[in-house]
Structure formats: structure tokens, C-alpha cells
Amino acid sequence: LDRAELDESIGLTPEIHHEHFFPNKAITYLTHACVDLKLGDKRMVFDPWLTGPAFARGWWLLHEPPSDWLERLCQADLIYVSHMHSDHLSYPTLKKLAGRRPDIPIYVGKTERPVFWNLNQSGVQLTNINVVPFGIWQQVDKNLRFMILMDGVHPEMDTCIIVEYKEEWKAQFIKTERKKLLNYKARLVKDLQPRIYCPFAGYFVESHPSDKYIRETNIKNDPDELNNLIKKNSDVLTWTPRPGATLDLGRMLKDPTDSKGIIEPPEGTKIYKDSWDFGPYLKILNAAVGDEIFHHSSWIKEYFTWAGFKDYNLVVRMIETDEDFSPFPGGYDYLVDFLDLSFPKERPSREHPYEEIRSRVDVIRHVVKNGLLWDDLYIGFQTRLQRDPDIYHHLFWNHFQIKLPLTPPDWKSFLMYCG
């Protein structure tokens, strides 16, 4: 079916075609090696050869591209060109694009021979070509990133691309895990058959403005939802407490229907916070940033020697960042090889798992200075993690969250030694 036949066959009019045929995640094939990839509100186009020949006059398009191909190109957020062969890097196509949108971001890998080595001679006026190193994530927005990799057959010239889009996956994952937790708790209540079940201790919010992203994505279970699930599966009495409410156990255990067994807060009582006094607490954290111990790079060895975790094949890169998890100006960026507790300048040549930990500078320095457990970093959402391979290293995290020494590092002696 062509586009018009497809619209007609399912009862759509051309006017509403785009609304129905551009879902949140979609790959639209255009022709040859060219696809239009839509992820959320971003669009990427790969290898646009959509008009004219390739390889002089030797190759011509087999398929007729969609009639709106130029509009698609112009609306793309970025274009990826895998290599310089003219069935992937089509100057006739790019010439038409440049006439409409010369500043469109185009990304290529840093190949031995530059992909756009012939750009000036081609006469095509493109002004936003980005040559990026292999194996480095390029962030498009908070949900979308891509990485260009060297081709295994023609490493000096060809490339491939990995695209990672997480928001829907993450939201679905959180939703699924929440449902699992609700069902687990409901089954537990049904098995234990308590007289009264009261869910609490899950009431927190990531209220600091810098944690807006976490607050929006880290959706919590609703206690009322859990209580309703329990009521469907058992006769257990449930109670969702509010601040200041009282449950009279004597009354309720004797008669669960006693109307005086639960005393709610007075009408008009403020239930939810709408402001927080961040200042004093942030001041404590910020005080650690300029502490004297961090004037000496040897603090790194001192701290991890004190921590005592080693003989484990894991290389970690620690990066101190600002609020937005971008490298902190003048901050530390270093490697720790936990196999022998060394601090190499580059990753070792042996096979090893790798983890990159970006931590907000005020929190990581506060934790280091005071010898605190890494719960502040990990559970407190003050880090961003990347793993290769994506494996959770239980022994590593268990040590730093549970098994650190009971007394903090002796920074006084450290400073005397440094002095």
C-alpha cells in the first residue's frame, strides 16, 4: 500500500496522518541506508542518500523515497553519516538540505580519513559538522544519547552507531517494579494475617530544585493503592496515617469498626510541605568543598587506602561534578584500580569491568572528609553511574555502603605529613 492507500484502508484522512503515524518511538525507512528515527520529541536521520546518483553514475536509488523526504531532513534534530562513500554521504542530497537548513547538526566519527574531507570542493554550505571520538556518549537530551563506534571490517573509514533512549523504558521499569512491590506486600499481609496493617516510612520527596529530574521519574507507590489491593485479597484492616493522626490500638484490636479508634488531625491541618529550608544543610556540605585536605591530590590514595577495598577486578573512574553532573571546574577526575589499589593515569590493558561514577562535589567531599558511608551518594541520588558491562558490583557497593571503617580517616596526621 502506498501512503494514500494506507490512510484510506484504515479510515484516516491525510490531515491527521502524522498524528497517528508518528508514535513516540518509531523507525521510518526512507531508502537505501537511510532511516528516520523518532525517539520522544527528537528525530535522527541516518545516511541520507535521497536524490541523485552515488559513485559517479554507477549507483542509483532502487526505491522512491517518500515525497516529503526533504521536509523530514529539515525537521531532524541531527543527522548521522556513517562514512564517506557516496551512497551514505550524498552531496546532491546535502546540497538540497543546505539550501534550506545549512546549520543542521551533522555527526560523524573521527575516522583516519575525514568523512567530509571533500566538503569545500563540493560547494555544499554546511556549517555544523561535528567530528566526535569513538566510544564517547553524545548526549542529545536527558533521555537520548548516542555513541559512534569504529567499524570492525574497515576501521580506518567506516563507523556504526549505538542509540540509547531510556525515558519510556525507565518509566515502564519503575511502574513494573512498583507493581511487583505492591503485590509482594499484599501477599505478605495475606500470609501473615495481622489485625491491622499500616504502611508508612515511604514519605519523602526530592524537593531540591537540582533534583527535579529524579523527583519526576522516581514515582512512589501510593499507600492507598496498596491498602485497596490488600482489601481485595483479605479482611485485614488497613490504615494510611496522616501527620498527627492517632490509632488507638486498644479500641481497634477489640473492635475494628470502632469509629473512635482512629483520630484524624483537626480539619484544616496542613498535611504536605510546600517549602524546605535548604540553606543550613547545604552550607555544611559546601564547607567541605574548600577543605584543606583537597588541596593535596594525595588525599585520593589516603582515602581509598583507609577504605580498605581491594583485590577485586574493577576499575572505577571518579569524577567530581557540579549540580548538573558536568565536570566541576578544578575538580578531581581520577581512576582507581581495585585489583591492586593503584591509581593509574589510563585504564589498564587487561580485561576488566569498568564503572564511571559522577558525584556532586559538595557531597562526595563531605562524605570523604567525614568517612561516611556512600548511602549519601548512592541512595541520595547524588551520583550518575555508567557501567561497562552493565553489571552491579555487589562486593564493591556493599563495602562502601556497609563495611567502611568505623572511624574516619586521620586527616589531621595527613595534613601534618603533607605540610
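This section describes the confidence, helix packing, salt bridges, surface patch and backbone geometry of a predicted model.

The mean pLDDT of the protein chain is 86, with 92% of its residues reaching 70 or more. Confidence is highest in strand β15 (residues 333–337), at a mean of 98, and lowest in helix α1 (residues 3–9), where the mean is 30. Where pLDDT is low, predicted coordinates should not be read in detail.

Two helices illustrate how buried residues are arranged around a helix axis. In helix α4 (residues 91–100), the buried residues are Tyr-91, Thr-93, Leu-94, Leu-97 and Ala-98. These residues cover an arc of only 150° around the axis, and they therefore lie on the same side of α4. An α-helix has 3.6 residues a turn, so residues three or four places apart point the same way. The other side of α4 carries Lys-95 and Gly-99, both of which are exposed. The cover over the buried residues of α4 includes the helices α3 (69–75) and α5 (119–122), together with the strands β4 (78–80) and β5 (106–109).

In helix α11 (residues 299–307), the buried residues are Trp-299, Ile-300, Tyr-303, Phe-304, Trp-306 and Ala-307. Viewed down the axis of α11, they fall within an arc of 155° and so line one face of the helix. The buried residues of α11 pack against the strands β14 (315–321) and β15, and against the helices α12 (361–370), α14 (394–402) and α15 (411–418). Just after α11, Gly-308 takes a positive phi of about 80°.

A search of the whole structure finds 21 salt bridges. Side chains of opposite charge can pair when their charged atoms come close. One of the salt bridges joins the side chains of Asp-68 and Arg-72, with an N to O distance of 3.1 Å. Both partners are buried, Asp-68 having a relative accessible area of 17% and Arg-72 one of 3%. The pair also belongs to a network of salt bridges that links Asp-36, Arg-43, Asp-68 and Arg-72.

A further salt bridge is formed by the side chains of Lys-142 and Glu-216, at 3.8 Å from N to O. Lys-142 lies in the loop between β7 (138–139) and β8 (144–150), whereas Glu-216 belongs to helix α7 (residues 212–217), so that the pair ties together parts that are 74 residues apart in sequence. Glu-216 counts as partly exposed, at 40% relative accessibility. Arg-251 forms a salt bridge with Asp-248, the closest N and O atoms being 3.8 Å apart. In this pair Arg-251 is partly exposed, with a relative accessible area of 35%, and Asp-248 is likewise partly exposed, with a value of 32%.

On the surface, Leu-181, Tyr-184, Leu-188 and Leu-192 form a nonpolar patch, with about 390 Å² of accessible area together. Of these residues, Leu-192 lies in helix α6 (residues 167–192) and is exposed, with a relative accessible area of 62%.

The remaining features concern the backbone. Most residues other than glycine have a negative phi, and most peptide bonds are trans. Asp-47, although not a glycine, has a positive phi of about 45°. This residue is placed in the loop between β3 (42–46) and α3 and counts as buried, at 6% relative accessibility. Leu-341, also a residue other than glycine, has a positive phi near 50°. Leu-341 is found in the loop between β15 and β16 (354–360), where its relative accessible area of 17% makes it buried. Finally, a cis peptide bond, with omega of about 0°, joins Asp-388 and Pro-389, and Pro-389 is located in the loop between β17 (383–388) and α14.

Notes. Residues numbered from 1 in each chain as written. Heavy atoms only, no water. Patch = residues over 30% accessible without salt bridge, like charges linked within 9 Å, V, L, I, M, F, W, Y side chains within 5 Å. Areas by Shrake-Rupley, 256 points an atom, 1.4 Å probe, with all protein chains shown as cover. Salt bridge = Lys/Arg side-chain N within 4 Å of Asp/Glu carboxyl O. Helix = DSSP H or I, 4+ residues; strand = E, 2+ residues; numbered from the N terminus. Buried < 20%, exposed > 50% of the residue type's maximum accessible area, 1.4 Å probe, protein only. pLDDT = per-residue confidence, 0-100. Arc of directions from axis to C-beta. Contact = heavy atoms within 4.5 Å.
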